[in-house]
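Hi,

Here is the structure I said I'd pass on to you.

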Amino acid sequence: MNRLVRKLFYLASSLLLTASMSAFTTAQQERPLTSITYRLSMTRPVSHLFEVAIEVELPKDSNANSIDFQMPKWAPGRYAVFDFAKNVQEFQALGGICPSEAKCKLSTLPVTRVDDQTWRVATTNTDSLTVRYKVFGNDLSGTFSQLDSRHANYNGHSIFMYVVNHKPDPVKLVIDPPAGWKIVNGWTEKPDQREWQFVNYDLMADTPTEIAADWTVDEFQADGKRYRVVVHSFGDEGGKRPALVRDIEKIVRAQTAMWGPPEFDTYTFLIHFAADDHSSDGMEHLTSTQIIEPGTLAESGVYISTLGTVAHEFFHVWNVKRLRPRELGPWDFTRPLNTRGLYIAEGFTNFYGHLMLRRAGIWDDAQFLRRQSETITNIENAPGSRLMSAENASLSAPFIDDAPHAQQTNLGNTSISYYPKGELVGMVLDLIIRGRTNGKASLDDAMRRMYDEFYLKSPNATYYLRGRGYIPEDFQRVASEVCGCDFTDFFTRYVRDVEVLPYDEAFGYMGLRVVRETAREPYNLGISVDWESLSPLEIATVRMNSPAEDAGLQEGDEILTLGRKNVTRTNWLVSLSRYKQGAQVPVTVKRDRRTIKTMLTVGAPDRFEYRIEERKDATPQQKALREAWMKGTR
Ligand SMILES: [Zn+2]
Ligand SMILES: [Zn+2]
């Protein structure tokens, strides 16, 4: 996935509850059911209620007394637990199958709600059954679903239950759209297609689908593969769609130049320009991606942001959707995911997403290096960088990737994201391989070799997909083999521990260096203010061991005066800039309906800007290595 900007507020987080809920994971795989058919309709878009029917035929000699239907707790690609069952309503079960209610009347079957995500249907005396439920969806995103008067856009895990112990069974999907609405997804083969056959539930749920009257589609071919760019614009496009499609083609060609032709025949970019909807997201799938940009295509910032998301999501075609950590497919949707590999799956994808914008010619060298400098600045200034390793960030994914938090957390001080951290690990590893092999090998080679070994050439380890998953130690081995050097020490210090990455060695090979300069603020208080909130000047976070913490300031304090002058959101930064290191500044804050006075001692600047720049003594050989890196050539 890429990122979800919109803030999500939830009443409760049920992580503790779900950790003990593995009763269904150990159940035996059962004999396949005779058939499973999903029927999706949306007769009243304004209600935001998707109507789902699941028809099940039991094997002739089945002696099962009941069948369980279960809503996933989370969806692959975003690892926070969202409990999709919370939006399910009006679940009912009927004996038999009858597509048209006018033609036959079915009796109801007893239903027991077993737990928060599971409905049990009694099947004594019936050889087929239909369950029906509605599910509310009004979020346009890469994880949730939306039905309204404009369109239906769904992500499978948030609306489709699976039959417990039968996720491997083949499933059929039939969609009945409102009149005049057209359906498109990554497996659409012909116009007006309404039915799909999937090898298993996981592949159906991996297929986000757009249903509306007014989306557009543009196509191009590359390496004999067909690419569709489906766009649903809520606002003005400013005539930029043809240029967008041409730039997407450049990105596709830059990536297939590295990986070789992809495995699919057709790939679909599902892109929404969501105007005033604040959604912002990108989500990877096997033959498609779901991209949502706030604003309109006519806006230049939106245009380049879309290309950045395209470059990231398309890299996932290989890295994560096919070449995947062992825990990423098939999935256990009864408990949060635990994998150590997200710094590779997402972090390396972040790195390559940026590099591919350079290789596609959308960015020049300076733009690419500026973007990578920003990531170094972000990571090296984060206090969590010295506490949380890349592997631990991966294991913390259910807490840090837009996870809902009902209680206050200290994650701002203690965590980092596996996206930027993994991005830097990947970049530094790439440069070291290139430098130590004098340009004969690179991370590109390691990625391709991993894809070959674990996806293309491995026997299938599970029902879900070709190949088998890897563990991070596999990646360490392959990177070492490609380089002809031993990366044990590198992975120990920079991946499993929290040491600062060896930037000097890595960038030195390219005739570059990383310069650290004091950030513009000459002060350090150790607090941040929530600029998005409309409330008064309120402290959002207090940094560990900072002057603010020494002065007894807390999150939620409303700052009234600084240096005996009234401060507001408008004059806060100006007021602050008058003070230098060592200054003693009286502060008053409001807390618990009282005014509290304290004295702040302004600390030494602790924020630094990092900049990747050319070394004056860069040799022609180093410049050649750099050019090969930027252009993806040997
Ligand atoms: Zn991603
Ligand atoms: Zn749409």
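Below is what I found, topic by topic.

First, keep in mind that this is a predicted model. The protein chain has an average pLDDT of 93, and 96% of the residues score at least 70. The stretch to be careful with is residues 4–28, where pLDDT stays under 50. Where pLDDT is low, the predicted coordinates should not be read in detail. The model does have 56 contacts beyond four places in sequence for residues 4–28.

Next, the metal. Which residues coordinate the zinc ion (ligand 2)? They are His-151 and His-232, each through ND1, His-272 through NE2, and Glu-210, which is listed with two OE donors, all at 2.0 to 2.7 Å. Along the chain, the spacing of these donors reads H-x58-E-x21-H-x39-H. His-151 sits in strand β9 (residues 151–154) and His-272 in strand β17 (residues 266–273), so this pair ties together parts that are 121 residues apart in sequence. Are these two histidines buried or exposed? His-151 is buried, at 0% relative accessible area, and His-272 counts as buried too, at 1%.

Now for two helices. Helix α5 (residues 342–359) has 18 residues, which should span 26 Å at 1.5 Å a residue; its end C-alpha atoms are 24 Å apart, so the two values agree. As for cover, 18 of the 18 residues of α5 are buried. After α5 comes Gly-361, with a positive phi near 80°.

Helix α10 (residues 418–436) has 19 residues and reaches 26 Å from its first C-alpha to its last, close to the expected 27 Å. Because 18 of its 19 residues are buried, α10 is largely enclosed by the rest of the structure. Just after α10, Asn-438 has a positive phi of about 55°.

Finally, the nonpolar cores. The largest one has 157 residues, and the members that touch the most others are Phe-69, Phe-475, Phe-490 and Trp-629. Another core, of 20 residues, lies apart from the largest one, and Ile-539, Leu-553, Trp-572 and Val-589 are among its members.

Cheers

Conventions:
Residues are numbered from 1 along each chain as its sequence is written. Chains are lettered from A and ligands numbered from 1 in the order in which they are written. This is a predicted model: local features need pLDDT of at least 70, side-chain atom pairs count only at pLDDT 80 or more; totals for chains, interfaces and linings use all residues. Side-chain values use heavy atoms; hydrogens and water are left out. Helices (H or I, at least four residues) and strands (E, at least two) are DSSP runs, numbered from the N terminus. The expected span of a helix is 1.5 Å times one less than its number of residues. Buried means under 20% relative accessible area, exposed over 50%, partly exposed in between (1.4 Å probe, protein chains only). A nonpolar core is a set of buried Ala, Val, Leu, Ile, Met, Phe, Trp, Tyr and Cys residues joined through side-chain atoms within 4.5 Å. Donors are N, O and S atoms within 2.8 Å of the metal (3.2 Å for Na, K and Ca); water is not among the atoms, so sites may look incomplete. pLDDT is the predictor's confidence in each residue, from 0 to 100. Contact means heavy atoms within 4.5 Å.
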